[in-house]
Amino acid sequence: MKFPGSVLASVFLFVAETTAALYLSSTYRSGGDGMWQALTLLFSLLPCALVQLTLLFVHRDFSRDRPLVLLLHLLQLGPLFRCFEVFCIYCQSGHVEEPYVSITKKRQMPKNGFSEEVEKEVGQAEGKLFTHRSAFSRASVIQAFLGSAPQLTLQLYISTLQQDVTVGRCLFMVLSLLSIVYGALRCNILAIKIKYDEYDVKVKPLAYVCIFLWRSFEIATRVIVLVLFTSVLKAWVVMVVLINFFSFFLYPWILFWCSGSPFPENIEKALSRVGTTIVLCFLTLLYAGINMFCWSAVQLKINNPDLISKSQNWYRLLVYYMLRFIENAFLLLMWYLYKTDIYMYVCAPLLILQLLIGYCTAILFMLVFYQFFHPCKKLFSSSVSEGFQEWLKCVCCDCRQQKSRESAGKTDLRSSEDRDETPSSSKISSLPSQILNTDELCSA
């Protein structure tokens with residue numbers, strides 16, 4: 001049975017970040033910064049409550065008689081109790097005989113063009129561990145993008161205004177960045193397993209390293225760009241955030257309304273229509289929060305029973321990164337034009353160049369992952385290199401067609417000039433003969 005390392009990592013980041021937030025808020029209180037204290041507590045306690053609700057919802061504890069579990073979740077101690085329960089199940093799995101075993105069928109990755117279907121026995125303990133891993137994966141994504149991402153932006157903004165980075169704030173920002181990157185990594189793995197559910201997906205260590213580097217560069221550069229823009233144009237950043245948020249929040253609903261599909265009723269049997277609407281709104285809220293900082297790796301599809309589109313849409317990926325790069329460049333340009341005296345000792349052009357190169361580095365690691373380390377790359381209809389080659393061919397063909405059209409236009413222009421010159425020469429040559437004819441007539 002696989003060691004529940006993902007559960008341990010999620011709980012460690014949750015406890016460490018919450019502890020650091022409480023400590024930092026106490027320092028803000030002692031320093032008289034009431035606004036920074038309130039915002040730090042808000043971005044820490046709100047995702048904590050959402051994490052508790054997520055764990056309760058996935059394990060369906062509301063419909064079971066477990067008052068102690070509900071009390072622990074109310075005290076914000078639910079993740080610790082769940083982690084303890086996971087390791088109890090893991091330690092007892094090899095000593096207790098399974099009374100009931102289910103059989104699952106998974107297809108292996110194609111080898112030499114063939115794919116075999118393998119049956120696997122899954123006991124109750126392994127099934128419970130799978131449920132716990134799934135719950136903690138979702139909780140890590142919520143913690144990362146509804147708590148850690150705003151928290152990291154806030155603390156970096158405070159450090160920029162005060163021109164000082166304390167040890168506690170530096171440690172807190174490092175933990176927040178690790179939490180965001182880990183949440184994005186779990187989102188990538190979750191998307192792969194949902195899209196290729198019928199296959200036995202095995203992610204290699206190099207794939208984890210590549211995703212970690214990809215997400216680290218992408219999220220770090222995005223947060224720094226937002227902080228720089230906010231430090232000089234505080235009023236305009238509200239418009240930028242609202243446009244980003246509502247664009248991604250309303251996009252799945254617009255696609256759902258345009259499709260004409262009926263309202264989904266099979267998300268959870270115990271939920272009413274109002275409860276289903278609340279759950280879908282929360283999912284679109286999380287989807288918008290993820291896409292504000294990085295590529296979500298999943299496409300929310302409300303009319304799908306799994307709520308996730310299983311198609312690999314390279315066009316959306318390309319459009320997202322192109323628009324995000326243009327947006328980052330525009331925000332950096334605005335910061336450069338309106339920067340204040342606090343950036344007196346900062347080489348602005350060099351910083352802009354470093355941030356743009358950092359974002360391009362993130363895109364490079366993403367392409368490397370999809371080309372070499374994606375666990376299901378054998379199922380792709382075309383790889384990244386093949387798509388790039390086809391794009392180059394299309395560009396070359398367009399250039400050749402344009403040159404041929406230009407050459408054809410030049411030849412047509414030359415031929416028309418020749419046609420214009422030919423009648424004039426014939427007229428000139430006919431003039432002497434006409435003059436001769438008139439002279440002859442006069443002499444006669």
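1. A salt bridge here is a side-chain nitrogen of Lys or Arg within 4 Å of a carboxyl oxygen of Asp or Glu. R324 and E327 meet this criterion, with their closest N and O atoms 2.4 Å apart. The structure holds four salt bridges.

2. The model is predicted: local features need pLDDT of at least 70, side-chain atom pairs count only at pLDDT 80 or more, and totals for chains, interfaces and linings use all residues. Residues are numbered from 1 along each chain as its sequence is written, and side-chain values use heavy atoms, with hydrogens and water left out.

3. Because R324 and E327 are three residues apart in helix α10, about one helical turn separates them. Helices are DSSP runs (H or I, at least four residues), numbered from the N terminus. R324 has 4% relative accessibility and so counts as buried (under 20% relative accessible area, 1.4 Å probe, protein chains only). E327, at 17%, also counts as buried. Salt bridges with shared partners join R222, R324 and E327 into one network.

4. The side chains of R222 and E327 form a salt bridge at 3.4 Å, N to O. This pair links distant parts of the chain, with R222 in helix α7 and E327 in helix α10 (residues 314-338), 105 residues apart.

5. R215 lies in helix α7 (residues 205-232) and is buried, as its relative accessibility is 0%. Its side chain meets that of E218 in a salt bridge of 3.1 Å, N to O. E218 is buried too.

6. Beyond neighbours within four places in sequence, R215 has contacts (heavy atoms within 4.5 Å) that include V181, N188, W295 and Y321.

Methods:
Helices (H or I, at least four residues) and strands (E, at least two) are DSSP runs, numbered from the N terminus. Buried means under 20% relative accessible area, exposed over 50%, partly exposed in between (1.4 Å probe, protein chains only).
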